[in-house]
Amino acid sequence: MAFPEDVLTEDEHVVLHLHPHWKALIRPVLVLVLAVAAVVAGWLLLPDGSGGTIALYAIAVAGLVLVLWLGLWPFLVWRTTHYLFTNERVLLQQGVLSRNRRDLPLTRINDHAMHQRFVERLLGCGTLTIESAGERGQSVLHDVPGVDKVQTKLYELVEAHHDKHSLGDGEMREILADMAEGKSTRDQP
């Protein structure tokens with residue numbers, strides 16, 4: 001599922017579009033492999049006859065339930081979780097049946113920090129915490145792939161947005177000079 005482009009403003013463009021790290025898919029794949037192995041083992045090892053057939057069907061149904069619950073559902077959660085970084089904001093969206101979306105304008109981001117445990121360092125992922133002004137405060141993004149590069153990119157986006165929407169020293173001097181000049185001409189008769 002691609003992130004819908006219609007949520008972006010006219011001048012906004014996507015800089016990074018991420019899903020959680022692929023490590024979230026390890027358990028679903030293992031569940032699928034174990035369920036298939038259990039069905040194959042039951043088919044090969046159970047005795048012929050009605051008792052063996054009933055046991056094989058029970059193993060297959062249990063395997064199917066486990067694959068749907070512990071395999072397919074986590075995959076769908078992973079696939080529908082989006083971390084979107086644009087030139088104007090950070091959008092966080094998740095949800096399979098219902099959807100939650102949070103927009104963090106770059107102007108409101110006060111701080112961001114990353115944390116990596118040892119295994120996450122080996123896998124190249126981690127947790128990114130974004131602190132923003134407002135009621136909700138912190139947003140925690142778990143299992144962000146390349147979290148160190150994402151944090152650097154977020155810093156660059158915040159700084160570029162700040163520079164674009166603020167006056168430089170030279171511009172401020174010009175405005176003050178124009179104001180002073182306008183005031184002195186109004187004071188003269």
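Analyst: Strands β2 (residues 82-86) and β3 (residues 89-94) run antiparallel and are joined by four bridges. Within this pair, tyrosine 83 is placed opposite leucine 92 of β3. The model is predicted: local features require pLDDT of at least 70 and side-chain atom pairs pLDDT 80 or more, whereas totals for chains, interfaces and linings use all residues. Residues are numbered from 1 along each chain as its sequence is written, and side-chain values use heavy atoms, with hydrogens and water left out.

Strands here are DSSP runs of E with at least two residues, and helices are runs of H or I with at least four, numbered from the N terminus; two strands pair if DSSP finds at least two bridges between them. By these criteria, β2 and β3 belong to an open sheet of four strands, ordered β1-β2-β3-β4, with antiparallel pairing. β1 (14-18) and β4 (100-105) each have a single partner strand and stand at the edges, so one side of each lacks a neighbour in the sheet. Neighbouring strands of this sheet are turned by 10° against each other on average, direction ignored. Axes are lines fitted to C-alpha atoms, for helices over the stretch in contact, and angles run from 0 to 180 degrees between N-to-C directions.

Helix α4 lies across β1, β2 and β3, at about 150° to β1, where contact means heavy atoms within 4.5 Å.

A further sheet is open and has three strands in the order β5-β6-β7, with antiparallel pairing. Helix α4 (residues 147-164) also packs on that sheet, touching β5, β6 and β7, and its direction makes about 170° with that of β5.
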